Structure formats: structure tokens, C-alpha cells
Amino acid sequence: EPGGFLLPGFVDGHAHISFAQKVLNGIDLSDAKDLEECHERICRFKSCHPKCRFVYGQGFSTDNFGENGDLKGVLDEVFPDTPALLESDGCHSLWVNEAFINQKLSEDDSCLSADGVFKDRNGDLMGYFCEAAAYEIQKLMPEADVDDYKRAILDFQDRVLPRGIQMIHEPLCYNSPEEIKKIVTAYRELDNEEKLLLTVKVTVKCKPGDDYDRLLDYVAEERANPGNHFAVQGIKLFMDGVVEERTALLKDDYADKEGYKGEPIWKQDELNNLILRTRLKRVPIHVHTMGDGASEMIISALEYAAERSGIRGLRDTLTHLLVLDDDQCRRIAALGITACINTYWHFHEHSYYASRDLPYLGKERAEAEYRVKSLLDKGVVLSQGSDWPVSVPNSLEGVEIGVTRRKPGSHSSLWSFV
């Protein structure tokens, strides 16, 4: 219309749309400052959903409510008989209540053998889990069906289209093979029904020990049959976890934990062989990597595969990239890898920088994190992702933070590019 504001269509390179089936209908704990505020929000949810058979919430800060936060106590008080699960703002840790432990873990306690199980001095479960254990716990949540996912996708779509976002990549990274097939079916049905207005590309999680050939054959078959607005694009890998749980893999020790660099998820030989297989089947990869130790592993694997296969140009992507060195930036450029950066996090905001990055990484690494200009100077192609539900998709706000390194509305001094 005359006098209107014309924008290009934006692309969100990393958002977990299918999470909407639980996030948009659960307890929102984002920005909750203390247990009292968490208690109020949890009670408000109960008053609105008195007959719910399972409780889900998301968004608590691990700074305030990490392993010593005792959200289990709040859940036990409000929901003594109903299983409840609260996921952190970074989606790498969670709290469950006693009812969840008694009812869900009695059915399947295999998750207790995974890394990331926290116990008290008496050896009893605290109700707090992170990383591998948290991912296994997620599988005990009530299953969604195809219609649940279709409603969630449409709900998410209604929220982002007015912000000018036209295309999204979704990494399907916390789902069982059965759930992945439901999500893919939901997208395909919406696409066939001409209800999917967003263009959506998904990648499918691959973890150590999976049947790699079977997974790659599935992805290759799906890639060969794209829809009008939907396609399976490749596989998603986790190289490490996150700094706040000290599960990001670093090349040098954590500043506050001498002799500890984090634990690798993959063995280098196994990773090399997997990446070589992806080259031979022409399947691109989308990789979560936070620490420079993790980035070193995947860059080395991609170099190994490129040398032996001669295949390049599959539009592989590394995302997050919290800690990198200058040589790694050069090698990323040489391989033609896209860097999907999360500019929504690129400022000195207390809950991440002062209380997590600075003490865990040390001053030198913390001040040089998110090396956007270094990547640009080396010629790396950049994309942007919100990592929703970690951050709310708003491309213009993401661009603003990427340029100014300041929280929108803040008048603090610029954080100089590195």
C-alpha cells in the first residue's frame, strides 16, 4: 500500500519449529528471576489446566535454576501427583518432579545410564538432568501425533510470517526416528494441503552408534522428493554441548576447572568415516559446535572427507561457533562451509556473559567469542538463526544486535568486532 514499508523475505537458518507443539502450550519460565516467580507461573498454569495429565514448561535460566536451583521442590508442591518436566532456556538441561521419577522412570530408567544425571549426597536423584540424559528423558514425554505437529507448525507460522520470515531451516535434533517420521509427514501433509506458507528445510539428527547407511539412505530418498514448500535437506550432528553446562568441547582447559576441556561426543575416526559417507551420498550436514575443540573435530573431518572424495560444495553449515581461532576461520572458508551465526546472543548480557562465559572461558576467550568479522574477513558465507525457542525469531532485531553488539534499546558502549 502507498506509504507502507517494503521488506525482503527473511530466512531463519536454525529454529526448532516442531517444539511448538509443547512450548506454545506449556509453562513459560523465560525471564523468571527467582523461585517465587517460577512458583507463581506454575500455579497460574495449574489453575488454567486443572485436569492436565502431563506438565511441560520451558525457559528457566540455568544461572538461577541450574543444578542448585531446586525447581523440583516447586513442582512437587504444585503437582504432587502429575508428572512434570521443565526445560532450560538453552534446551540442554531440565528439571522433573517426584511424580515424573516415580511414574515415568519406573517404566523406563535406561536414561539413568547416560551422562548428565545429577544425584544428591545420598545418591538419590535430584531431578536435574543435562545433555545426553536430558535427551533420553525427553523420550518419556507423551507422544504427539501428526495432527499435533500440524497444529503446532501452523501456530508457529502465524507468529513469524508477520515478521517477514519466509523460509526456515529446522534441525530435528531431539526426536526419535518415529517422531521424525511424524514431523516429516505433518510437513508434507500441510504442503499438499497448500497450508504451509513458509518454506521449510529440515535436517535429521545423527548420533554416534546410529545405523549410518540406513539414515543416509532415508535422507537421500527424502531429498529426491521435495515438495512445493518442504524438503528434507541433510543430517544434523552435535559436536558438543553448551558452555553453561561445561559440556562445550574446548581446545584448552575451562578457566575454572583445570585439566578439563569438556567431553567429546564423537571419536575422530568414526566422525571422519561418517562425513566421508555423507560426501559419497551427496548429503549435506548441519553441525552444532560451540567450543573450538568441537570445531576442530568437525573441520578436520570435513578436510579428511574432501581430500579422499574430491567432493565439495554440499552447502554444509556450522552453527553457534562460540569459540573459534583465526586458523579455524580460514579453514572454514577454504571448505566453503556456511556459518549460521546466532546474533541474538552476541552482546554482553549478564545472564550469559558475566555469569557463564567470563568465568568458564576466562577473559581472553570470552572477549573474543563470536568471531563474526574474522569469518567475514576470511570470506565465509554467513546466515542467521534464532535457535527458537532459545530466542524469539525477529530477523531485524538479530541484524541490529549483529551490527551493534548491544541489546536492543541499550545505550551501553559497543562491543568491538573480533
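Residues are numbered from 1 along each chain as its sequence is written. In this predicted model, local features need pLDDT of at least 70, side-chain atom pairs count only at pLDDT 80 or more, totals for chains, interfaces and linings use all residues, and side-chain values use heavy atoms, without hydrogens and water.

**Exercise 1.** Check the span of helix α9 (residues 212-223).

Step 1: helices are DSSP runs of H or I with at least four residues, and strands are runs of E with at least two, numbered from the N terminus. Step 2: the expected span is 1.5 Å times one less than the number of residues. Step 3: for the twelve residues of α9 that gives 16 Å, and the end C-alpha atoms are 16 Å apart, which agrees.

**Exercise 2.** Find the buried side of α9 and what covers the buried residues.

Step 1: buried means under 20% relative accessible area, exposed over 50%, and partly exposed in between (1.4 Å probe, protein chains only). Step 2: Tyr212, Leu215, Leu216, Tyr218, Val219 and Glu222 of α9 are buried. They lie on the same side of α9, because they cover an arc of only 155° around the axis, taken from the directions from the helix axis to the C-beta atoms. Step 3: on the other side, Arg214 and Glu221 are exposed. Step 4: the cover includes α8, β9, β10 and α10.

**Exercise 3.** Is Thr203 buried or exposed, and which residues does Thr203 contact?

Step 1: Thr203 lies in strand β9. Step 2: with a relative accessible area of 3%, Thr203 is buried. Step 3: leaving aside neighbours within four places in sequence, its contacts (heavy atoms within 4.5 Å) include His169, Pro171, Ile235 and His286.
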